Amino acid sequence: MSFMLTLVTQERELISEEVDFVKANGVDGEFGVLTGHSPFISLLDPGELVVRKGDALYSYYVSGGVAEVLPKSVIILANTVERADEIDEQMAKRARHNAEEALKQPISEIERRTYLLELKRESVRLSIVARRRSTRHPGQISEE
Amino acid sequence: MPSLRSIRGRIKSVKNTRQITKAMEMVASAKMRKAQMRVRDTRPYAEKILELMVRLSAIESHRPNIFFKARPVTTVGIILVSTDRGLCGPINANVFRQVNKFMADRPGVRFEFVVIGKKGQDFVRRSGLKAVGSISGVKDRGKIEEILPATQVAIEEFQEGRWDEVWVFFTEFVSTLSQKPRMEKLLPIGPDVVEGGGKGASPFLGEYLYEPDTTEILDVLIPRYFESIVFQRVMENFASEYSARMMAMRNATSNAKEVIYQMTLIYNKLRQAAITREISEIASGADAVQQG
């Protein structure tokens, strides 16, 4: 049983097709959606979006946004999205390192929070990259 | 009869003009292609968030949220999207005409503007209307940050009750040959928002579960909705601007060609006439010498 998934940002449309399963990172924790889910709307935290279509898994980095879940469709209005293969591993590593270094310094609470957020973002990015390398993620739905 | 020299001068100047319009046509057509792609890329998000907001407004209308509640209209806020430059056919004039008609249809209502684009600023100043904010020099690269100052002003005016409705006026990109002036009501959000806006939306009228809760979600969604729609409309306007400019310049180029053709004809005739006259003068001179 499949349902319609739409993944869009203000600047482009990434997915608009039938899929079997979606897992996203809501502000109150991860949630998975299969067809026939009861309607809900959730804000998204930075995290991985996993899509299963048939046997293939696809993964995306979503920086936040809103997901609307209806029984036969899921619409994700994301702030920014990176496909797993678009993530720049070197850059993410460097950014994470910088954030870690910065956190060791004595800094203000506000700065600390920004760096913690940064750290979290980059960790998510890197874990997506790592997973993509290790398992059966074939990459990208409907390569355009 | 104009002199040969002056015609030669005019042909040259028209040729220069033709070169300029030709270059502008090619620049516009290159930009147009990109802008059209951007229109295509930005439409889905705008459509989806609009559908979602229309659904939410139907569910949430009983709650006291000022963004969903229609109120008596004394002041209308208008976001006027125009171009920075001219030479793009009638698209700005068409939008301004629609604004004027819109205002004429609503006597007794005050109008205030947030303007995007230099041409719109000129229009507002010329007509003695009130602009509470304006931006120009927006780039066509498809970055939403550039229009945020405009949307923030507008949403603030509405939130603080100074505006009772917010509309956006822009030129919709239909195709390279056709651009339509359009107006849409953006706030308050209701089923009447944007003609045909709910099309294709599943008419879901049950309750949603909210995570974390309604207020927080709406606090995020409403500004997003507003920004993305305005942003998308600006992108439409860019595509329209470049398409209209390309067509205008193409017409100008072919006009110039026609003018050059006509003037070359006159020039050649004049030159022929001058040569004939000279020959007959020489011939009659020679005759006179022989006879004498």
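**View 1. Chain A holds two helices and 10 strands.** Helices (DSSP runs of H or I, at least four residues) and strands (DSSP runs of E, at least two) are numbered from the N terminus. Starting at that end, the order in chain A is β-β-β-β-β-β-β-β-β-β-α-α. What you see here is a predicted model, where local features need pLDDT of at least 70 and side-chain atom pairs count only at pLDDT 80 or more, while totals for chains, interfaces and linings use all residues. To find your way, count residues from 1 along each chain as its sequence is written, with chains lettered from A and ligands numbered from 1 in the order in which they are written.

**View 2. The C-alpha trace of chain A spans about 55 × 30 × 25 Å along its principal axes.** The radius of gyration, taken over C-alpha atoms, can be checked against a globule rule of 2.2 Å times the number of residues to the power 0.38. For 144 residues a compact globule would have a value near 15 Å, and the 16 Å of chain A agrees with that. In chain A, 32% of the 144 residues count as buried. A residue is buried if 20 or more other C-beta atoms, placed from the backbone, lie within 10 Å of its own, exposed if 12 or fewer do, and partly exposed in between.

**View 3. A:S127 sits in helix 2 (residues 109-134) of chain A.** Is A:S127 partly exposed or buried? A:S127 counts as partly exposed because it has 15 C-beta neighbours inside 10 Å.

**View 4. Chain B has five helices and six strands.** Its radius of gyration is 29 Å, well over the 19 Å from the globule rule for 292 residues, so chain B is more spread out than a compact globule. Along the principal axes, its C-alpha atoms fill a box of roughly 115 × 40 × 30 Å.

**View 5. The largest nonpolar core has 93 residues.** Such a core is a set of buried Ala, Val, Leu, Ile, Met, Phe, Trp, Tyr and Cys residues joined through C-beta atoms within 7 Å. B:I79 and B:L80 have the most contacts inside this core, and helix 5 (residues 214-291) of chain B gives the most to it, with 19 residues. Two residues are in contact if their C-beta atoms, placed from the backbone, lie within 7 Å. Leaving out residues up to four places away in sequence, B:I79 touches B:V114, B:A150, B:A154, B:V166, B:V168 and B:V230.
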